[in-house]
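Hi,

Here is the structure I promised to pass on to you. Have a look at it first, and then read my notes below.

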Amino acid sequence: MTMPGSAGWEPTAAQAIIDQLKSKPGALLPILHAIQDRFSYIPEEAVALIAPALKLTRAEVHGVISFYHHFRTHQPGRHVVEICRAEACQAQGVRALEAHAKATLGVDYHQTTADRTVTLEPVYCLGNCACGPSVRVGDEIHAHVDAQAFDALVESLKTERVEVQ
Amino acid sequence: MGYRVHVPSDTTAKALGADRLARAIEALAEEMGDDLEIRRNGTRALYWLEPLVEVDTPEGRYGFGPVKESDLESLFAAEFWKGKVDHPLALGLVEEIPYLKRQERLTFARAGVTDPLSLEDYRAHDGFKGLENALALNPQVIVDMVKESGLRGRGGAAFPTGIKWQTVLNAPADQKYIVCNADEGDSGTFADRLVMECDPFMLIEGMTIAGLAVGATQGYIYLRSEYPLANTNLNAAIETAYANNLLGEDILGSGQRFDLEVRVGAGAYICGEETSLLESLEGKRGLVRAKPPLPAIVGLFGQPTVVNNVLSLAAVPFILDKGAKAYADCGMGRSRGTLPFQLAGNVKQGGLVELAFGPSLRELMFEFGGGTRNGRPLRAVQVGGPLGAYLPESQWDTQLDYEEFAKVGAVLGHGGVVMFDDRVDMGEQARFSMEFCVAESCGKCTPCRIGSTRGVEVIDRIRAGENVEGNLELLSDLCETMVDGSLCAMGGMTPFPVQSAMKHFGEDFTNTSTKDSTSALEEV
């Protein structure tokens with residue numbers, strides 16, 4: 001999920017995703033995942049396409065999107081950096097890491113850095129509990145992340161070549 | 001004839017650099033002209049030794065760990081692939097490492113041994129024997145075997161699995177479902193993840209047997225979105241299973257059908273509660289349902305549904321292969337079989353410890369865990385996830401058993417053990433429990449939705465030294481209201497860590513000025 005979705009909004013692609021998945025039982029979550037994986041967030045325009053396809057109101061679709069922490073309705077930065085806030089990471093010093101991350105990035109949770117490189121999110125457990133503090137970027141998990149390792153990680157994200165879609 | 005080298009591939013091993021290491025070994029072997037075959041196993045989950053590189057020898061597998069890329073030169077110089085060589089990272093025979101040798105790995109027998117996605121490996125290690133047996137049995141006999149094994153739900157509630165299956169078997173319906181709860185959200189737990197990443201065929205086999213037992217033809221694995229590798233491995237294993245008639249309309253030529261699909265959650269802890277999970281699978285907000293009706297009667301899409309944790313379903317192939325008695329012979333009292341404990345947090349030797357019920361928490365934390373990672377005194381231990389109590393030293397001799405833990409007001413839950421050293425501020429931990437509930441409550445019932453918010457506020461006032469005695473009493477009342485009045489375990493158990501912190505670590509609530517946990521924990 002390293003943001004393939006810097007792609008702009010494409011209604012025909014979204015409609016194709018919806019048409020492919022809408023007949024599954026309980027199709028809404030699979031559709032929302034597929035939309036977010038493609039566009040990196042769930043644009044308002046997508047809700048307008050999903051609702052009639054599933055015979056739901058737009059309010060119902062909104063209700064589901066807003067219930068789940070994973071779904072977002074605004075374009076994130078190029079990388080979403082998730083810090084595990086849960087107890088096992090607390091026991092290994094994540095509170096200090098959180099403070100450091102917020103201070104160095106100049107953002108709070110759910111915010112994006114001014115250069116649009118990083119969106120910072122909290123996460124409750126990545127299952128890497130014996131080797132915390134844990135940080136997830138895309139589908140990669142990082143172990144034993146202290147302030148120094150965090151800075152190096154962010155630096156690598158900043159200098160990473162932007163893929164041309 | 002070349003040598004075979006195993007490099008682990010689970011999330012934690014990868015997080016510790018196993019992928020880079022595997023590539024580096026391959027490159028170096030090529031450069032040196034050494035004939036090495038690199039295979040990717042799952043993990044033994046002896047995490048302080050990861051990446052733990054193993055090599056095949058006629059006497060068994062020799063291990064080296066934790067291996068960094070900078071160690072490779074000396075490992076190659078020592079010709080590590082021969083196994084029994086002299087090197088500072090040499091661990092000897094892996095299965096002789098006491099941490100592993102002292103375990104009873106029934107469910108995790110294959111973890112770290114096999115290539116997770118190799119059907120051949122799985123079959124060579126007793127895979128699908130349970131399913132083959134089940135195909136020859138009538139459903140009631142399968143259910144009876146699970147009952148006799150004494151298996152209780154490993155998700156935390158410890159309800160007898162066989163009785164749940166019986167209810168679904170008895171419910172008449174055209175369509176029934178098997179739902180695997182893989183929303184392993186408890187901090188300090190990773191056993192479900194290990195099953196799915198390291199031995200996914202075992203879960204497929206267990207779910208298929210469950211389908212045969214109760215007459216369900218469709219299964220869903222509800223997997224949390226925080227586990228991307230588990231998603232990849234499960235889907236790859238399911239595809240292989242379909243291609244080999246282990247799933248689909250004619251399982252192993254029996255004419256019996258079972259279909260299986262992975263559905264990914266979306267970051268809601270509450271969806272680990274079974275009725276919330278079912279709502280989510282139906283494509284809705286994960287609001288908890290009132291019970292009754294039980295999901296076994298009115299479950300997914302209104303049909304009779306078995307909802308079982310990953311570990312419960314993963315235990316089933318063993319039971320059907322080796323027999324109910326072989327499983328029930330382990331354990332104590334009403335807790336039969338094994339529980340895969342997970343040592344996490346500030347622990348020297350973190351990892352998975354599968355044990356028959358019975359040893360004490362202290363043995364687990366010190367004889368296996370080796371105490372804290374930074375060597376400081378251990379002060380508090382949270383067992384059973386964010387809804388589990390914090391145990392002070394006076395309770396560490398409690399035996400690892402569902403009933404023994406209940407007696408001291410604690411829970412075993414999903415077997416997660418999170419250790420904290422003496423710098424932990426228990427007032428802060430109690431506040432976090434309430435804060436977590438604010439973030440994760442589904443919002444359906446008032447005690448949970450409002451109670452948790454009020455809980456954070458009251459704890460803040462206590463920590464600020466504001467009318468401490470009065471506010472502590474208010475917090476006690478609030479906890480009682482949440483325990484008694486909440487619809488499900490989220491609101492009903494959030495007070496457990498809070499109450500235990502107040503009871504056993506009361507000084508942290510009344511004397512907050514001397515603690516500065518943020519700076520103290522930096523040294524960990």
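**What I found around Lys147(B)**

Leaving aside residues up to four places away in sequence, Lys147(B) touches Pro160(B), Gly162(B) and Ile163(B). Before we go on, keep in mind that this is a predicted model. So where does Lys147(B) sit? You'll find Lys147(B) in helix α7 of chain B, which covers residues 139-149.

**Two helices side by side**

Two packed helices are described by the angle between their axes and the distance between those axes. For α7(B) and helix α8 of chain B (residues 161-170), the angle is about 155 degrees and the axes are 7 Å apart. Angles over 145 degrees count as roughly antiparallel, so that is what we call α7(B) and α8(B). Their crossing is left-handed.

Which residues meet there? From α7(B) come Pro139(B), Val143(B), Val146(B) and Lys147(B), and from α8(B) come Thr161(B), Gly162(B), Ile163(B), Trp165(B), Gln166(B) and Leu169(B). Sorted by class, this contact has 6 nonpolar, 3 polar and 1 charged residues.

**A helix with a buried face**

Now jump to α15 of chain B, residues 361-368, where Leu361(B), Leu364(B), Met365(B) and Phe368(B) are buried. Looking down the axis of α15(B), you'd see these buried residues fall within an arc of 110 degrees, so they line one face of the helix. What do they pack against? Their partners in chain B include α4 (98-101), β13 (351-356) and β14 (378-383). After α15(B) comes Gly370(B), which has a positive phi near 70 degrees.

Most residues other than glycine have a negative phi, and most peptide bonds are trans. Here are some spots that go the other way.

- Lys55(A) isn't a glycine, yet its phi is positive, about 55 degrees. Lys55(A) lies in the loop between α3 (44-53) and α4 (58-67) of chain A, and with 8 C-beta neighbours inside 10 Å it counts as exposed.
- Ala158(B) also has a positive phi, near 60 degrees. Ala158(B) is in the loop between α7 and α8 of chain B, and having 21 C-beta neighbours inside 10 Å, it counts as buried.
- Gly132(A) and Pro133(A) are joined by a cis peptide bond, with omega about -10 degrees. Pro133(A) is in the loop between β3 (118-123) and β4 (135-137) of chain A.
- Lys291(B) to Pro292(B) is a cis peptide bond, with omega near -5 degrees. Pro292(B) belongs to the loop between α12 and β9 (305-309) of chain B.

Chain A has 7 helices and 5 strands, and its C-alpha trace spans about 50 × 35 × 20 Å along the principal axes. Of its 165 residues, 42% count as buried. How many residues of chain B are in contact with chain A? The count is 50, and they meet 36 residues of chain A. On the chain B side, those residues divide into 22 nonpolar, 19 polar and 9 charged.

Definitions and conventions. Residues are numbered from 1 along each chain as its sequence is written. Chains are lettered from A and ligands numbered from 1 in the order in which they are written. This is a predicted model: local features need pLDDT of at least 70, side-chain atom pairs count only at pLDDT 80 or more; totals for chains, interfaces and linings use all residues. Helices (H or I, at least four residues) and strands (E, at least two) are DSSP runs, numbered from the N terminus. A residue is buried if 20 or more other C-beta atoms lie within 10 Å of its own, exposed if 12 or fewer, and partly exposed in between; C-beta atoms are placed from the backbone. Two residues are in contact if their C-beta atoms, placed from the backbone, lie within 7 Å. Ala, Val, Leu, Ile, Met, Phe, Trp, Tyr, Cys and Pro count as nonpolar, Asp, Glu, Lys and Arg as charged, and the others, Gly among them, as polar. The arc is that of the directions from the helix axis to the C-beta atoms. Axes are lines fitted to C-alpha atoms, for helices over the stretch in contact, and angles run from 0 to 180 degrees between N-to-C directions. Angles under 35 degrees count as roughly parallel, over 145 as roughly antiparallel, 65 to 115 as roughly perpendicular and the rest as oblique. A crossing is left-handed if the near helix is turned anticlockwise from the far one by less than a right angle, and right-handed if clockwise.
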